[in-house]
Amino acid sequence: IYSWTGLFLWCLHGMLGSAMDCKNGGAGNVHCSISVDKLLDRAIHHSELIYIISEESTALFEETFIPKSMHAPQNNWGHCNSKTPPMPTSKSDVQQISDKWLLQSVLILIRFWMDPLKELQSSLDRYDNAPSALLNKTKWISTKLMNLKEGVLVLIKKMLDEGTLDPGNSVSLTSFMVPSDETEYVLRDYSLLTCFKKDAHKIETFLKLLKCRQTDNLSCSLF
């Protein structure tokens, strides 16, 4: 059971939708309950959309600013931070990781990217010719990532009975490159977009694995 105040941000943006079962407790207090199944469905749906828009944003950035010969992965401009949770590399790895590890990894990845995406928006605002579609997409991603974080926190409370988990370390745009001219600013922002796309895929994958485990733990796999 959760108070309406605690879930308001997520509800406001449609994460919970019709899955909420809310009851008036009197004196203006509204309490809502939701199954883990429905929570995961909506979290997965949000993560899928975030990944799709991250792909579109990266492609639009490439089309606008990056010569074809420099498109990832032909050249590795994306020096992605190795401190984020790794993708399991084998079936045995998948079987050994816990639901807690999956939830913790999703939350770490989300928190890891919240500030860099805001900084990216500020950087793109300084471009003379950044397409409005690119600006809108990156702002949309930041908003939806915040909504997803709120939903994951509810999942952690419901599945693990824990209020918080280790948020991990955030990352600055300067972790990718310290630009000395306009070209290097463009390459740094491109690196950030390509690295975020990879981690957005991780978030989606981890949530789908967690969902699978609620019904058939033995057959769940990333491979």
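# Reading helix packing in a predicted model

Colleague: Where is the place of glutamine 121?

Modeller: Glutamine 121 has its place in helix 4. Bear in mind that this is a predicted model.

Colleague: Is glutamine 121 buried or exposed?

Modeller: The cut-off for buried is under 20% relative accessible area. Glutamine 121 has 16% relative accessibility, so it counts as buried.

Colleague: With which residues is glutamine 121 in contact, leaving aside its neighbours within four places in sequence?

Modeller: Glutamine 121 is then in contact with Thr138, Lys139 and Ser142. Take lysine 139 from that list: it lies in helix 5.

Colleague: How is the exposure of lysine 139 described?

Modeller: Lysine 139 has a relative accessible area of 38%, so it is partly exposed. Lysine 139 can also be compared with lysine 118: the two are 21 residues apart in sequence, and their C-alpha atoms are 7.9 Å apart in space.

Colleague: At what angle do helix 4 and helix 5 pack?

Modeller: Start with the general idea. Two packed helices are described by the angle between their axes and by the distance between those axes. Here, helix 4 and helix 5 (residues 132-160) pack at about 155°, and their axes are 9 Å apart. An angle over 145 degrees counts as roughly antiparallel, so helix 4 is roughly antiparallel to helix 5. Helix 4 passes helix 5 in a left-handed crossing.

Colleague: How many nonpolar, polar and charged residues does the contact of helix 4 with helix 5 have?

Modeller: That contact has 21 nonpolar, 3 polar and 7 charged residues.

Colleague: Isoleucine 141 lies in which helix, and is it buried or exposed?

Modeller: Isoleucine 141 lies in helix 5. With a relative accessible area of 2%, isoleucine 141 is buried. Leaving aside its neighbours within four places in sequence, isoleucine 141 is in contact with Ile50, Ile53, Ser54, Ser57, Leu117 and Phe196.

Colleague: What are the angle and the axis distance for helix 4 and helix 6?

Modeller: Helix 4 (residues 99-125) packs with helix 6 (residues 182-213) at about 155°, with the axes 9 Å apart. That angle makes helix 4 roughly antiparallel to helix 6. The crossing, in which helix 4 passes helix 6, is left-handed. The residues of this contact divide into 20 nonpolar, 2 polar and 6 charged.

Colleague: And what is the angle for helix 2 and helix 6?

Modeller: Helix 2 (residues 36-65) and helix 6 pack at about 160°, and their axes are 9 Å apart. Helix 2 is therefore roughly antiparallel to helix 6. Their crossing is left-handed. By class, the contact of helix 2 with helix 6 has 15 nonpolar, 6 polar and 10 charged residues.

Colleague: How many helices and strands does the chain have?

Modeller: The chain has 6 helices and 3 strands. Along the sequence, they follow the pattern β-α-β-β-α-α-α-α-α.

Colleague: What can be read for the chain as a whole?

Modeller: Of the 223 residues in the chain, 45% are buried. Its accessible surface is about 11,300 Å², and 51% of that belongs to carbon and sulfur atoms. For contacts between residues at least 6 apart in sequence, 80% join residues at least 24 apart.

Notes
Residues are numbered from 1 along each chain as its sequence is written. This is a predicted model: local features need pLDDT of at least 70, side-chain atom pairs count only at pLDDT 80 or more; totals for chains, interfaces and linings use all residues. Side-chain values use heavy atoms; hydrogens and water are left out. Axes are lines fitted to C-alpha atoms, for helices over the stretch in contact, and angles run from 0 to 180 degrees between N-to-C directions. Helices (H or I, at least four residues) and strands (E, at least two) are DSSP runs, numbered from the N terminus. Angles under 35 degrees count as roughly parallel, over 145 as roughly antiparallel, 65 to 115 as roughly perpendicular and the rest as oblique. A crossing is left-handed if the near helix is turned anticlockwise from the far one by less than a right angle, and right-handed if clockwise. Ala, Val, Leu, Ile, Met, Phe, Trp, Tyr, Cys and Pro count as nonpolar, Asp, Glu, Lys and Arg as charged, and the others, Gly among them, as polar. Buried means under 20% relative accessible area, exposed over 50%, partly exposed in between (1.4 Å probe, protein chains only). Contact means heavy atoms within 4.5 Å. Accessible areas come from the Shrake-Rupley method with a 1.4 Å probe; for residues, only the protein chains shown count as cover.
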